[in-house]
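Please open the model in your viewer and keep the selection panel at hand.

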Amino acid sequence: MISIPIEHGLYLAAALFLLGLMGVLVRRNLIFMLMSLEIMLNATGLAFIVAGARWGEAEGQIFFMLILTLAAAEAAIGLALILLIYRHFGTLDADRISEMRG
Amino acid sequence: MSLMQSTEFWPFVLYAGIVLALVAGILGLSYILGQRHGEKATGEPFESGIVPVDFARLRFSAKFYLVAVLFVIFDMEAVFIFAWAVAFRETGWIGYGGALTFIAILVVALIYEWRVGALDWQPQERKRQTSRQL
Amino acid sequence: MILIWLLVILIVGGVGAWVAERQHPLWSRIIALLALGINFLLVAALWLSQANPFAIAGQGAWLVELDWPWIAHFGIRFHLALDGLSLLLVLLACFLGLMAVVASWTEIQYRVGFFHFNLLWVLTGVIGVFMALDLFLFFFFWEVMLVPMYFLIAIWGHERRLPAAFKFFIFTHSSGLMLLVAILVLVWTHYQHTGVLTFDYFDLLGASLDPNTAFWIALGFFIAFTVKLPAVPLHSWLPDAHTQASTGGSVILAGVLLKTGAYGLLRFVVPLFPATAFDYSPVIMLLGVIGILYGAVLAFAQQDVKRLIAYSSISHMGFVLLGVFAWNPVALQGAVMQMLAHGISVAALFMVAGALQERLHTRDMGRMGGLWSKAPRLAAISLFFAVAALGLPGLANFMGEFLVLLGTYQVSIAFTAAAALGLILSVVYALIMVQKTLHGEAEEQRRFADFSTGDMAAMGAMIFILFWLGLYPQPVFDMAHPALEGLQQWVMEPPRQN
Amino acid sequence: MSDFIALLPLLLLTLGSLALTLVVAFYRQHRLTLLATVFPLLLCLEMIPIAATVTPHQVSPLLIIDQYALFYTGLILAAALAVALLGYGYLQGLGDQPEEFYMLLLLATLGATVLAASNHFISLFLGLEILSVSLFALLAYPRHFRPSLEAGVKYLILSGASSAMLLFGIALIYAEMGTLEFGHLSTLLNRGEISSNVFFLAGLVFIISGLSFKLSWVPFHLWTPDVYQGAPAPVTAFLTTVSKGAVFALLLRFFIQVEGDNHHLLTVILSLIAWLSILVGNLLALLQNNIKRILAYSSIAHLGYLLVALLASGSLGMEAVMFYWVVYFIMNLGAFGVVTVLSSPAQEKQNLEDYQGLFWHRPALAGMFTFTLLSLAGIPLTAGFIGKFYIFTASVEAALWPLLFTLIIGSTLGLFYYLRIIIALYRLPTAEIERVYPSTLPLTSSLMLALLALLLVWWGVYPEPLMQFIQTVAMTLL
Amino acid sequence: MKTVLASLFNILGILGTLLTLTALLIWIERRLLGFWQDRYGPNRVGPFGILQVVADVIKLFTKEDWIPPFADKGVFILAPTVVVITALLAFAVIPITPDIGIIDLNIGLLFFLAMSSLAVYSVVLGGWASNNKYSLMGSLRAAAQMLSYEVFMGLSLMGVVMLAGSFNLREIVAAQQGLWFCIPQFLGLVVFLIAGIAEAHRLPFDLPEAENELVAGFHTEYSGMKFGLFFVGEYLAILLISAMIVTLFFGGWRGPWLPPLVWFFIKLSFFAFFFILLRAALPRPRYDQLMAYGWKLMLPLTLLNLVVTGAVVLTIEGT
């Protein structure tokens, strides 16, 4: 098999992670924010796969599976919430649903 | 009986390439061969001959979301069972116990969803008879 | 055991007063009176039970002691004790507590039970402070005073009570936290030197500290106590709090609470950090003198009668500061005497002011006047206490101020002279007060009630005490003497003469 | 076998939540649900002494059941119990389906207990996410009310992002060290060659950031006021106590295992965080008019105090942390408990005006609230004072002068807003308030609040037994 | 070691055979249905109408290549290709005989599952891109149905995986040397069969395209060769499911006397015909029945199958 240096994998993961983070911070539509979140989680998943590959252990992959589960759970609840929010607020703009001020 | 122990990857790539090319070819061919029409109702959505009302972006039952969510969750659970299934000889009875617990929890969740009515698709579902005293 | 009873009676009395309100507000007042009265009698009995109550010297400083384990984990003990100094102050607190109840008899008509609850709990804290010999316990009581006092100001105070209560709380609590840190550093330094973790006063008295540490710790203590005292740069909470509190609150605040600061200086700052204290004593005495003059000058400028009294308090407590840091027997006796005298006279003045406000619905001296004609008894008593406050010979205040000046004279002539100037100023403002309130034309012709018999009894008791202390102070001196001597033995070097 | 004994509390909690699910599935009845929630919690609490007989016990590489873990487990379980009992009346006002609340509550509690016992990144992750995911749903539980939804989605997205950060940090450390076990990590670190590696340090920073978010430390606190405000009051109580307590327990264990006080960078960052949290939390609280927001900022500040205790390290620091957590739990449960019993999902009583003159209507409740607030402010006679005293002592011992100074400033600032609430309680009431308070409180809530108040006094006046207990627990950790 | 040439031959052979089989299957289905329903079916074009399919193809190619102006064009074109591509790709992992097969993945089974999951996109995207109410309804139904059945389709195969201890399809075939898995995994077989029909949304589970309610469901707006792709995809799916059943439960190429390739085709044909028979014989259930059937019956059965299989295997092997 072709071996890729571990750093490259981590850099790729970091890039994806930053991409997701930027999405969460910059995007104002809840759906996109949620998607960015999933990108972040998948980036960490990638990082774990890379790390696991470095040590030749299954732990990285186990962690990846757990992360997938989290992503699924988060998406499930997130989508349900977004649905409700759309029903009650009529918008998915994060700024416009932000009614609490203090 | 000899097993084909080819772990080479290229045949698959080639195969996939051919498949893609084939599909693209079919579409391309039909584009070239196809006729062109421009009649009055050509550009209308088909609704059994009736003039369409509103957009097609209708609001549909939340059930569909629910089933998607259930799928996501249960499919993720399935992944863990996959992992156990392929390794269950190594993990032995302890692993079996773990999987059993896992499946039991899954079943409890399923029962809950069943009782709550998340799995019912009848349009006029009879209301749950359970008392809900406050 | 008597010491714990002193606290328990007040605590239980407080709760009782609160609960009793449901029956009738009168019950709350009676319970409060009873609790304070019992306490007063207990302490008085303790004094009298000494072999020779009027010549107590030679018996050792500590009369009663109580030492229970409390928080062993930190070497904290429930250590209470009473010596002559503490006894006098506890007595003062109980007495003024009684006065405060009396002063509130007609004034407080609103949530009477809760008022007396707070009153009694403040006094619990105060008495605890006077008796605690464990630094943690001391701090504990020090802080316990705050909340009920805060309520006394914030709920039953006058028109601008909330900011005043706020200011009071913030000042005292934040300085209290410095005290806490100082205590902790002291304890920890001691622990590192000796391996003994203790908050006990006696153990810490001999703690060896390097001068730098000692300075910072002493500063923490000093700030906490001078805020309460108050000394000049840290006094700004006082005029507001005193002015806005109800009469009973003002009595407790000015009469009792301020004394805890003086007590702290006397009991802790100087004995624990003698070297530091005397290195800085000129500065501190300067602060005292500034306080005397500043308080007097500002008192002179007030229109609000309670504010005037408040500033006069600053002036008078300056004498205490001066006396404590002069640190010779005469000055110390003077300081103690000044504490008692000021406590009584200022309480009485606030009661008078309260009575005026109750009747005239104003504290503005410009709108008073002509009291002589309308309420001769009230007027006479006002005159008496005004004169007492300005230090008429024969009264307690004169005795205190005179002794302080005498003691200070041995240390610094300049400070003595300046402080004496304060005395003159006090004459001016006291007379202005008398002039504006008692004499002149009455603005309204409507007559109002003079002092009742009950009021007169309370006032009479205070007049008696002032006379007694002014004419025959020896029992007090005797009482305080062993305690002061005990304190002085911890001081390694005498104050520098200059 | 001893595995089972050690895990008894966790196992029973798991079973309990399953049983509760079935109960809800078959007999949907609010009171029964409450019983089915309270019973397993009590049972688990009962099991803690039994589990304590086999401590310390490493169950698989994932979980360690030691005194420390059991201590926090007990605390968490008790808090969950309190939330369930306090929330009962509140949820009656929900109108439909209050039962699932308790399921989620038990699950979140389970996650928190796992977190308290985890000694491995995987169990950390599992515990944290069971907790967080349940919290998302809990926060938005009154789903017809806009503030709850807003709170839920805000927490979901920000918490998700912070989880991702945490995970990324773990991934980096795993990539560098090749282990996910805390214990193994510390032995590797003791060899000393890797600790200055860029990936490792970056991982550490990521982990701290992720956890800081959950603990709402400045500058990761931005979600806190909004979520606290929008969340249903019992959930806020849960969030501020159990969620933070469990994460902190984990952080402390991690900090000790990797010997955080030896990493200069780490201590500097944490000191900065503590400094900022205390100041920002207290300062921003001054500007609020909403009780839940005030308490949100106050909790930021309190977490800052706790961080000071953590940084003080040493046995005294650990004791201070644990003692303060006990107190913090009681205080916050009490404060939010009062808000809870006065509120209903449709009408959250959270404006300062809503509490104006409460004392004259409900003296006991207002008295309890006052007491809690005084405890939060750290006034003697309350356990809050002893807790603060502990932290002061620990930081004096560790000579953390700048932080100590910040503590003093913070405590003083804190007075302003606690007193503001207290003043409001004792003001003369406005006319319309009388009718909007619920006529009677449920018995469970009253008893719970009374108990909390009693504990505050008891441990404020005689903390010695608790201190002794905590000391023995802290000894086992170090 | 095989030569490159053999591989190439393999690839082209499999692809060609598949397409031919698909065309054949369409014809066979129509003939068989006609036979069972007592009519002729296509019988004009070529002998027995066997060239009917060719005629259809020519017709489809020359039909208007219409993309609705209201549709999302890119997605509209993409959707029908997905179903064909995924079905064809999934064949790559199936070991047809010991020598024939495109790739020997050790996660072959997972690859199959992944591909069949992707097929859902085809339906959803097609329905959504059409921007037509019938299409949308149909595609939603299809998505819900396919998702529901997908959950236990994967799980139903785990019994096989447990017995074989591998995801590799060749190893699974190898593990069936003594006993075909259709015996010990009968329950799994039944479940997989049903799930397979639902995945392919064949009759009787063709609710997404139910003509009488939804016109043609998700492909209402499709015409010409794009419709043709959906159509072909469906028959490819039948073949794929049949091939999987053969591989997983009926010993793949195994069988006495005849060469492996022949055995494989016999078994494959059997199941393909079985699917057609089902279409002819069974009525279409109500949608709610369909969903309830999946979640409330099949899923628990699958889980039960797993638990029992695990216990039995562990007990027998005594590990």
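This is a predicted model: local features need pLDDT of at least 70, side-chain atom pairs count only at pLDDT 80 or more; totals for chains, interfaces and linings use all residues.

Residues are numbered from 1 along each chain as its sequence is written, chains are lettered from A and ligands numbered from 1 in the order in which they are written, and side-chain values use heavy atoms, with hydrogens and water left out.

**Stop one: chains A and D**

Select chain A together with chain D, where 45 residues of chain A are in contact with 44 residues of chain D (contact means heavy atoms within 4.5 Å). Between these two chains about 3800 Å² is buried, and carbon and sulfur atoms give 78% of that area; buried area here is the accessible area, taken with a 1.4 Å probe, that two parts lose on being put together, summed over both. On the side of chain A that touches chain D, the elements giving two or more residues are helix H1 (6-26), helix H2 (30-55) and helix H3 (59-89) of chain A, where helices are DSSP runs of H or I with at least four residues, numbered from the N terminus.

If you then colour by class, the side of chain A that touches chain D shows 31 nonpolar, seven polar and seven charged residues; Ala, Val, Leu, Ile, Met, Phe, Trp, Tyr, Cys and Pro count as nonpolar, Asp, Glu, Lys and Arg as charged, and the others, Gly among them, as polar. How many salt bridges are there between chain A and chain D? The count is zero, with a salt bridge taken as a side-chain nitrogen of Lys or Arg within 4 Å of a carboxyl oxygen of Asp or Glu.

**Stop two: chains E and B**

Move on to chain E and chain B, where 87 residues of chain E are in contact with 73 residues of chain B and about 7200 Å² is buried between the two, 75% of it on carbon and sulfur atoms. Among the elements that give two or more residues to the side of chain E that touches chain B are helix H1 (4-36), helix H5 (133-164) and helix H11 (287-317) of chain E. Of the contributing elements, H5(E) gives the most, with 18 residues. By class, that side of chain E has 57 nonpolar, 14 polar and 16 charged residues.

**Stop three: the nonpolar cores**

Next select Phe221(C), Phe325(C) and Phe121(D), which touch the most other members of the largest nonpolar core, a set of 458 residues. Helix H13 (residues 314-342) of chain D gives the most to this core, with 21 residues. A nonpolar core is a set of buried Ala, Val, Leu, Ile, Met, Phe, Trp, Tyr and Cys residues joined through side-chain atoms within 4.5 Å, and buried means under 20% relative accessible area, exposed over 50%, and partly exposed in between (1.4 Å probe, protein chains only).

Centre the view on Phe325(C): leaving aside its neighbours within four places in sequence, its contacts include Phe222(C), Leu265(C), Val269(C), Phe278(C) and Met285(C). A second, separate core of 131 residues includes Ile14(E), Leu105(E), Cys182(E) and Met244(E).

**Stop four: salt bridges**

Over all chains, a search of the whole structure finds 18 salt bridges. Start with Arg363(C) and Glu159(C), whose closest N and O atoms are 2.8 Å apart. Arg363(C) sits in the loop between helix H15 (329-360) and helix H16 (371-374) of chain C, and Glu159(C) in the loop between helix H6 (146-156) and helix H7 (161-194), 204 residues apart. Arg363(C) is buried at 7% relative accessible area, whereas Glu159(C) is exposed at 56%.

Then select Arg377(C) and Asp450(C), a salt bridge with closest N and O atoms 3.8 Å apart. Because Arg377(C) lies in helix H17 (residues 376-389) of chain C and Asp450(C) in the loop between helix H19 (413-438) and helix H20 (453-471), the pair ties together parts that are 73 residues apart in sequence. Arg377(C) is partly exposed, at 41%, and Asp450(C) is buried, at 18%.

Finish with Glu150(D), Lys154(D), Asp226(D) and Arg293(D), which are linked in a network of salt bridges.
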